[in-house]
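Morning, everyone. Let me put the structure up, and then we go through the loops and the interface.

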Amino acid sequence: MKLTWWKWLTIALLLYTVVGGMLTEVPRLAILNETIRNLYFHVPMWFGMILILLVSVIYSIKYLRNPLSRHDIIAHEAAKVGILFGVLGIITGMEWARFTWGEFWSNDPKQNGSAIGLLIYFAYLILRGSFQDHQQRARISAVYNIFAFAALIPLLFILPRLTDSLHPGNGGNPGFNAYDLDSRLRAVFYPAVLGWTLLGVWMVHLRTRLEVLKQRFYENA
Amino acid sequence: MKMHKWLLVLLLTWAAGFSGPAVAQTTSEATSTVEYSSQAPASSSIEMADMMRRDGKIYIVVAVLVSVLLGVLLYLISLDKKIGRLERELRQ
């Protein structure tokens, strides 16, 4: 099979995540027990989402500086994949929360923040759909995308730290501590983040190519 | 895809930066954390799926997960190939 090297890297990292995530040693923590392994699947969804949405916002800025339809396509497709990761992050988080915090939704500031953030991004997709003119759609949604990303950062990373939160590393605590301090977790967690993010990049790559093909097809037809 | 390379370089340096010190810490942490491999239940009161591991049933779970993952990835690869073929056709 002929694949670019980073696609092979994606496959290798994801296989390592699943095998290593189930078989390596994890710290024995009260309440969490074996569910600490969700760290390799739930948290990378959010890391992946932020990084892919960062790609989206970079291409939105690039579009505003140089209005190529390719930039708009990448921004749009990256936003869609980012939203997919965010929805998966919310769902996996709710499942995990049900069995460790007791409820699917406990109005945790980080849960609420991520829900609001996703709603802002849903509005991006609706906004895009409401324009007839291609250039107008691309320009206005690029501007909106910048604001959406700027709103997401405080919602996920600043506001939850100002109040008490069930999430680790929040409620006055500095970044990663309790769980990530453990090097056994780190050995799988960082490759997992990279693997899942690359999977998202792969999806963006495919959808972008498909969209470019579609455009070129209609131009020729 | 210049952007992808850029992102990857950023991620790799970040991963390397965080994993590096982690390796260095292993020796110092090994003494302070609870031993996982110890079979005696007295050494660790927190319940883990130790029995499942001893039975070897965890490997069944891993096999299922790897199969699902490989299936999804193969699907993605075939999609990649199909789009590549279309791109080549359109260029001609």
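First, a term: buried means under 20% relative accessible area, exposed over 50%, partly exposed in between, with a 1.4 Å probe and protein chains only. A:Asn107, at 54% relative accessibility, therefore counts as exposed.

Some ground rules. This is a predicted model: local features need pLDDT of at least 70, side-chain atom pairs count only at pLDDT 80 or more, and totals for chains, interfaces and linings use all residues. Residues are numbered from 1 along each chain as its sequence is written, chains are lettered from A and ligands numbered from 1 in the order in which they are written, and side-chain values use heavy atoms, with hydrogens and water left out.

Back to A:Asn107. Its phi is positive, near 50°, and it is not a glycine. A:Asn107 sits in the loop between helix 3 (69-100) and helix 4 (109-129) of chain A. Helices here are DSSP runs (H or I, at least four residues), numbered from the N terminus.

Next, A:Ile31. Another non-glycine residue, with a positive phi of about 70°. Its loop joins helix 1 (5-23) and helix 2 (42-65) of chain A. A:Ile31 has 62% relative accessibility, so it counts as exposed.

Now the interface. Contact means heavy atoms within 4.5 Å. On that rule, 44 residues of chain B touch 52 of chain A.

Salt bridges: a side-chain nitrogen of Lys or Arg within 4 Å of a carboxyl oxygen of Asp or Glu. The rule finds five between chain B and chain A. A:Arg28 forms one with B:Asp50, closest N and O atoms 2.9 Å apart.

Key:
Helices (H or I, at least four residues) and strands (E, at least two) are DSSP runs, numbered from the N terminus.
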